[in-house]
Amino acid sequence: EQEVGLVQRQDALHWQVSGTLTRDGAGVAVLDVIVRDAQGAPLAGLSADARLAHPADDRLDRVFAVRSAAGGVFHGAAAAQPGQWELIVDFYRGDQRVFRSRSRVSLR
C-alpha cells in the first residue's frame, strides 16, 4: 500500500530520467544519469543509488558506486557481466526515496 502511494506521487512529479550505460577501457560498466523536472531543468539536492538487477538471479545483481557530478547529474561504475539487465535508479531527498526509474538495458 505504501508503494502504491509512492508510485502515485512519483507519477505526479513528471520527472524525466535519461542516461547511458557503457564500458570503459578496463571493461567496467559506467553509468551516467541525468534527472530533470517536468520543465526539463536538472534537479539539484538529490542523491542516487543504482543497480543492475539480473532477471533470473538476484545474487548476480551489481550495485553501482554512484556519486553526484553536478545538479541532477550522477555518475557510477560497477563490474558487470554482459547480458540483459534491469537498471534501477533510486533518487533520494535526505533519507526518503522520492523517485524510482526502472529500465531494461543490454550490456555488451
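Leaving aside neighbours within four places in sequence, which residues is Asp61 in contact with? Keep that in mind as you go through these close-ups, which all come from a predicted model.

**View 1. Asp61 and the residues around it.** Let's start with the opening question: once neighbours within four places in sequence are left aside, Asp61 is in contact with Arg51, Leu52, Ala53, His54 and Trp85. You'll find Asp61 in the loop between E3 and E4. Is Asp61 buried or exposed? Asp61 counts as buried, because its relative accessibility is 19% and the cut-off for buried is under 20%. Look at the side chain of Asp61 too: it reaches the backbone nitrogen of His54 at 2.8 Å.

**View 2. A salt bridge between Arg51 and Asp61.** Here Asp61 shows up again, this time with Arg51 as its salt-bridge partner. The closest N and O atoms of the two are 3.9 Å apart. This pair links distant parts of the chain, with Arg51 in strand E3 and Asp61 in the loop between E3 and E4, 10 residues apart. Asp61 is buried, while Arg51, at 28% relative accessibility, counts as partly exposed.

View 3. How many bridges join E3 and E4? There are 3, and the two strands pair in the antiparallel sense. Strand E4 covers residues 62-70. E4 also pairs with E5, again antiparallel, this time over 5 bridges. Check out Ala70, which stands opposite Val73 in E5.

**View 4. The turn between E4 and E5.** E4 and E5 form a hairpin, and 2 residues sit between the strands. Which residue in the turn has a positive phi? That's Gly72, with a phi of about 80°.

View 5. The structure holds 5 salt bridges. One of them brings together the side chains of Asp57 and Arg59, with 3.0 Å from N to O. Arg59 counts as exposed, because its relative accessibility is 68% and exposed means over 50%. Another salt bridge joins Glu86 and Arg102, whose closest N and O atoms are 3.0 Å apart. That pair links distant parts of the chain: Glu86 belongs to strand E6 and Arg102 to strand E7, 16 residues apart. Glu86 is partly exposed, with a relative accessible area of 23%, and Arg102 is partly exposed as well, at 47%.

View 6. Now for the greasy part: the largest nonpolar core has 23 residues. Which of its residues have the most contacts inside it? They are Leu52, Phe64 and Phe91. The elements giving two or more residues to this core are strands E2 (29-36), E3 (47-53), E5 (73-78), E6 (83-93) and E7 (96-107). Zoom in on Phe91 and leave aside its neighbours within four places in sequence: its contacts include Trp15, Val17, Val33, Val35 and Leu46. Also among them are Phe74, Val98 and Phe99.

Technical notes:
Residues numbered from 1 in each chain as written. Predicted model: local features only at pLDDT ≥ 70, side-chain atom pairs only at ≥ 80, totals over all residues. Heavy atoms only, no water. Core = buried A, V, L, I, M, F, W, Y, C linked by side-chain atoms within 4.5 Å. Buried < 20%, exposed > 50% of the residue type's maximum accessible area, 1.4 Å probe, protein only. Helix = DSSP H or I, 4+ residues; strand = E, 2+ residues; numbered from the N terminus. Contact = heavy atoms within 4.5 Å. Pairing = 2+ DSSP bridges. Salt bridge = Lys/Arg side-chain N within 4 Å of Asp/Glu carboxyl O. Polar contact = N/O pair within 3.5 Å; in protein donor to acceptor, adjacent residues only side chain to side chain.
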